[in-house]
Amino acid sequence: MHRDLNAMRTADFDLLVVGAGIHGACVAWDAVLRGLRVGVIDRDDFGAGTSANSLRIVHGGLRYLARADFARMRESVRERSALLRIAPHLVRPLGVLIATRGRGAQSRSAMRAALALNDVLTFRRNRGTGPGQSIPPGRVVSRAEVKRLFAPLDQAGMTGGAIWYDGQMVHPERLTFAFLAGAAGGGASLANYLRADAILVEGDRVQGVRATDTVTGEALEIRAQCVLGAMGPWTGELGGGSRPQAFALNVILNRRLADVAVGVRALSTAEQDPVIGGGRYLFAVPHGASTLLGTWYAIAGDAVAGSADDSALIERGVRSLIAEFNAACPAARISAGDVLRAQWGRLPLKGRLEPGRPDSLADRPRVFHHADQGGPRGLVTLDGVKYTTARLVAERAVDLVFSVLGRPGVPCRTTHTPLPDTRVPASDPEAAIRLAVRSEMAVHLADVVLRRTDLGAPPGPTREVVETAGRTAGGELGWNVATQEAEIEDVMRRTTAGARELEPAR
Ligand SMILES: Cc1cc2nc3c(=O)[nH]c(=O)nc-3n(C[C@H](O)[C@H](O)[C@H](O)COP(=O)(O)OP(=O)(O)OC[C@H]3O[C@@H](n4cnc5c(N)ncnc54)[C@H](O)[C@@H]3O)c2cc1C
């Protein structure tokens, strides 16, 4: 794979995907499998936006069962199965533990009934999944078992625990990349660090986009019959109209709290938690030798993700999240000193926040053809809500693209077509760095360290490791001393305590 700028200058694509987070990546893979000539651009590195900052859970939809929303529950389960099937090297089952207590909805008998119903309703969940990828039935466990799994959960009133299984993305950045590598293998042309500046329209029809290569500064026009914007929080920038947004933050802790994900119900009130309305579940998710803890939400205001104004919000988020977790689970005794890094992003809301309305996060993706709303023909917007369901939303978007292009539909094959195995070559970091630069389009050292290899995994690389990686990448990319130093400093800033993972596009 290489930055295919020549194709960007000369090709006339059937479909140009703007934005290569998980949604754009899934669209590209699906469209290529259905025979379209596809171009993909991102103004940053692939998957460096919201998709790199998730809690890594592939949701199985149990919470939809609690709301008796069976359609959405089945949808989530189907998507979890699809990811376990097509990317077994990057998605695996994850046990989730919560405490049981009292006589109500969280009692042992209520949880036993809910898990049994979940098991029955999802009896097809393991069809086609490989060895070690099966989702076991949920179960209610004893107090002693809870203590064994995560002792701090044992509090007055606890009667035991309930365990169910979701999926876990081992490496969300590599998973996004696997969809793109599949698309490239099928003939798509890709370029990161290529920003769409404006949509080109003639009459009422889209012709492509005007773009800037942010590496060289070159301006170019990319021609396409159909342009699909999958720009996450930046959807509004190319006319897709943006929904109000919540700011969402996780922290990475310096130790592994448990081998299962642990959920505790926050004690916060609706006033303290205007986005979810209070009482939300906080999850501590095992992540190698560390733990991802999340999620804290706030109203995003008008600040663009990554702007300087975020720093106060981030600090407040880290403090509040730790305080909320400790209040719900005092024996865990998390302190600010345990935080290796914070990660954050923005998520769409259902609408303007209304006091007292529970869970204001948008739960429905938007996929629409602008011509249906008085805009130009050939422009499609996709505005997703979860990593988990990105494949399905992309399937709907590509169906729409076929109708926009006026072509007979071609069936989607992404639920069963295995993704290329883009595992990081583990044994030889230097080989992995060279591969990232030569064949995986890494342009900056941060691309190599944070997204193509495991070098940036918590607790984060030492300066010595970053400097060695910088020398290898710099040798490949022809950096002078000043550039190499700047690239090294950039990575150090992103991987040390409180570092910012979601930076403004370069
Ligand atoms: C803290 C947090 C925790 C989460 N946890 C989970 C979870 O556990 N499970 C789950 O399923 N979901 C989770 N989510 C939701 C999930 O991460 C997002 O729904 C998903 O990643 C959004 O992907 P996307 O492709 O729509 O957006 P993004 O990943 O943001 O991609 C958009 C891309 O568009 C590019 N772009 C923008 N403007 C332009 C332009 N002009 N030209 C070219 N490119 C452009 C950006 O650079 C970016 O790469 C979480 C989200 C957050 C913030």
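This is a predicted model: local features need pLDDT of at least 70, side-chain atom pairs count only at pLDDT 80 or more; totals for chains, interfaces and linings use all residues.
Helices and strands are taken here as DSSP runs, helices of at least four residues and strands of at least two, numbered from the N terminus. Helix α2 (22–33) and the strands β8 (194–202), β11 (245–253), β14 (290–299) and β15 (339–348) each contribute at least two residues to the shell around the ligand. That shell counts 43 residues, and the closest are Gly-19, Gly-21, Gly-49, Gly-232 and Gly-345. Sorted by class, 19 residues of the shell are nonpolar, 17 are polar and 7 are charged. Two domains take part: domain 1 (5–51 + 173–243 + 363–405) and domain 2 (244–360) each provide at least three residues of the shell.

Attention now turns to a pair of helices. Helix α10 (residues 429–439) packs against helix α11 (residues 445–452) at an angle of about 115°, and their axes lie 10 Å apart. The two helices cross in a right-handed sense. On the α10 side, the contact involves Ile-433, Ala-436 and Val-437, while α11 brings in Asp-447, Val-448 and Arg-452. Of these contact residues, 4 are nonpolar and 2 are charged, with no polar residue present.

A word on confidence may be welcome before any modelling begins. The average pLDDT of the protein chain is 92, and 96% of the residues score at least 70. Residues 302–306, however, have pLDDT under 50, and the model gives them 9 contacts beyond four places in sequence. The pLDDT is also below 50 over residues 499–506, a stretch with 23 contacts in the model beyond near neighbours in sequence.

Definitions and conventions
Residues are numbered from 1 along each chain as its sequence is written. Axes are lines fitted to C-alpha atoms, for helices over the stretch in contact, and angles run from 0 to 180 degrees between N-to-C directions. A crossing is left-handed if the near helix is turned anticlockwise from the far one by less than a right angle, and right-handed if clockwise. Two residues are in contact if their C-beta atoms, placed from the backbone, lie within 7 Å. Ala, Val, Leu, Ile, Met, Phe, Trp, Tyr, Cys and Pro count as nonpolar, Asp, Glu, Lys and Arg as charged, and the others, Gly among them, as polar. A residue is near a molecule or strand if its C-beta atom, placed from the backbone, lies within 6 Å of it. Domain bounds come from an automatic or database domain assignment. pLDDT is the predictor's confidence in each residue, from 0 to 100.
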